[in-house]
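Thanks for coming, everyone. I'll keep this brief. Please have a look at the structure first.

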Amino acid sequence: MDYKLLWIDDEIELLKAHILFLEKKGYEVLTASNGYDALEMCENQPFDLILLDENMPGLSGLETLQRIKGILPSTPVVMVTKSEEENIMEQAIGQQIADYLIKPVNPIQILSTLKKNIHQREIVTEVAQNAYQQDFGKLGMLIDDARSMEDWIEVYKKLVSWELQLSETDSSMKEMLAMQKQEANSQFGKFVKKNYLGWIENVEGRPTMSPDIFKKTVFPSLNSGEKVFLIVIDNFRYDQWCVLRDELADQFVFDENLYCSILPTATQYARNAIFSGLMPNLIAKMFPDLWVDEDSEEGKNLNEAPLIKTQFDRYRRKNTFSYHKVNDSTAAEKLVHELPNLQRYDLNVVVLNFIDMLSHARTESRMVRELANNEAAYRSITQSWFRHSAVKDLFKALSSSDYRVILTTDHGSIRSSNPIKVVGDKNTNTNLRYKLGKNLAYNPKEVFEIKDPMKAQLPTPNLSTAYVFATGADFFAYPNNYNYYVSYYKDTFQHGGISMEEMLIPLISMQGKKR
């Protein structure tokens, strides 16, 4: 592809050597000796990049820049000037120049700015593609050799890192990465099946799980005299955290970890386990008034503040705390205004529901599904929400406070693409990633089955209740009206089952840089 440049300089005759150099490199270079001629040329044809002298008689470089932006707003403009005055640089940068070069410039400098502003995507694509190809074998060995939760966290972090890098390119390697991630999830499912019941039995030897969050993360900070702001973003994946991390990097320093959600990876179970510090069957047994059965019409998370209090009481803690659930921007704005009053509490707990609402809206709305049609788009919407919501104002305020901010979630979600059949009676729950019931029919080779829920410390509504969990990108579909069911739910983001995306989730400790 040939690229067309416009070079505007009142001494353009002195730049013939530079122009010849660029033409030998394959660029078409048009020239103008003043701003008026340049503007006329911009009105008649597009350019891939414009080199603009700042100090010209008649129409100055800054005036020309302003008018060019009105004609070709997306064309990168590189300012070239003899002046090193800071105010001129600031004015040019304020008008969104792509780069700034100080005369005398040499050909290599010009070529460098062209590569940065015209060829960046193709260069990034090539570099990322070559790097992933080189890492592909090593990553495959990491997947094959993963034997511990720490190993799997490393695998997942690397896969997400490559996913983020390649999603910004035109690389064909994205399909290979998707296949490698699918294989990793298959192996991770086998790892969980082999070890999950052992983790539940051996509390001290297991990886950090949902009931351990307060004991291992919140209480130590309170013990050291810090005030803590615990922010739980419902249904929040690690890759979504990675894009929010970029938004917060100027304000916070991070201690980044992942922890393992309990099964089912659903709000009713995992988040209640976080707040109570107990596995679900113990919540149901010890605090029956605070546990809501699967078949109940009542909301499953209306008792979170009382559950937090039970955990404080059980550990005989005298700390004060507040609890807030934020479902919309109005509630977020109200919370920001309340921050000065919240300083009297040792712990403030905030639950943010936007991403979970987005996930459900994506299932139910064709328009939202189009807006978030893949993981990259899902991340982009998450980033856009954060940038333009009062939640960002909340973090900004916290960054200049003395709070220890702990950001986490109850579970993640996975884009489910592969239907598997399950048969249950009318009392079987509706979740697509896990089922519980007393008469479930399924292929045991396709699921993780727990026939004795007490071993997994899960409630047992009936003596014959069993739980089954989907793994990888599977989701459960009923034989009745099967085709409609599959077409409606295929490629929707679901949670409740076993995958890296659902189970390996962010646990971030943050301190503001301005404190």
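**A sheet, a loop and a helix**

Let's start with a pair of strands. β13 and β15, the latter covering residues 466-469, run antiparallel and share 4 bridges. Across that pairing, glycine 437 sits opposite alanine 466 of β15. Keep in mind that this is a predicted model.

Now the whole sheet. It is open and has 3 strands, in the order β13-β15-β14, with antiparallel pairing. Which strands are at the edges? They are β13 (434-437) and β14 (448-450), and each of them pairs on one side only. From one strand to the next, the twist averages 15°. As a reminder, strands of a sheet pair through backbone hydrogen bonds.

Next, a loop. Threonine 409 lies between β10 (404-408) and β11 (414-416). Is threonine 409 buried or exposed? Its relative accessible area is 0%, which is under 20%, so threonine 409 counts as buried. What does threonine 409 touch, leaving aside neighbours within four places in sequence? Its contacts include Val232, Ile233, Asp234, Asn235 and Phe236. Tyr259, Ile274, Ile505 and Pro506 are also in contact with threonine 409. Then there is aspartate 410: its side chain makes a polar contact of 3.3 Å with the side chain of threonine 409.

Last, helix α18. The helix spans residues 390-399. Serine 389 caps the N-terminal end of α18. There, a side-chain oxygen of serine 389 is 3.1 Å from the backbone nitrogen of valine 391. Which residues of α18 are buried? Ala390, Val391, Leu394, Phe395, Leu398 and Ser399. In general, an α-helix has 3.6 residues a turn, so residues three or four places apart point the same way.

Note on methods:
Residues are numbered from 1 along each chain as its sequence is written. This is a predicted model: local features need pLDDT of at least 70, side-chain atom pairs count only at pLDDT 80 or more; totals for chains, interfaces and linings use all residues. Side-chain values use heavy atoms; hydrogens and water are left out. Buried means under 20% relative accessible area, exposed over 50%, partly exposed in between (1.4 Å probe, protein chains only). Helices (H or I, at least four residues) and strands (E, at least two) are DSSP runs, numbered from the N terminus. A polar contact is a pair of N or O atoms within 3.5 Å; within protein, one must be able to donate a hydrogen and the other to accept it, and residues adjacent in sequence count only if both atoms are side-chain atoms. Contact means heavy atoms within 4.5 Å. Two strands pair if DSSP finds at least two bridges between them. Axes are lines fitted to C-alpha atoms, for helices over the stretch in contact, and angles run from 0 to 180 degrees between N-to-C directions.
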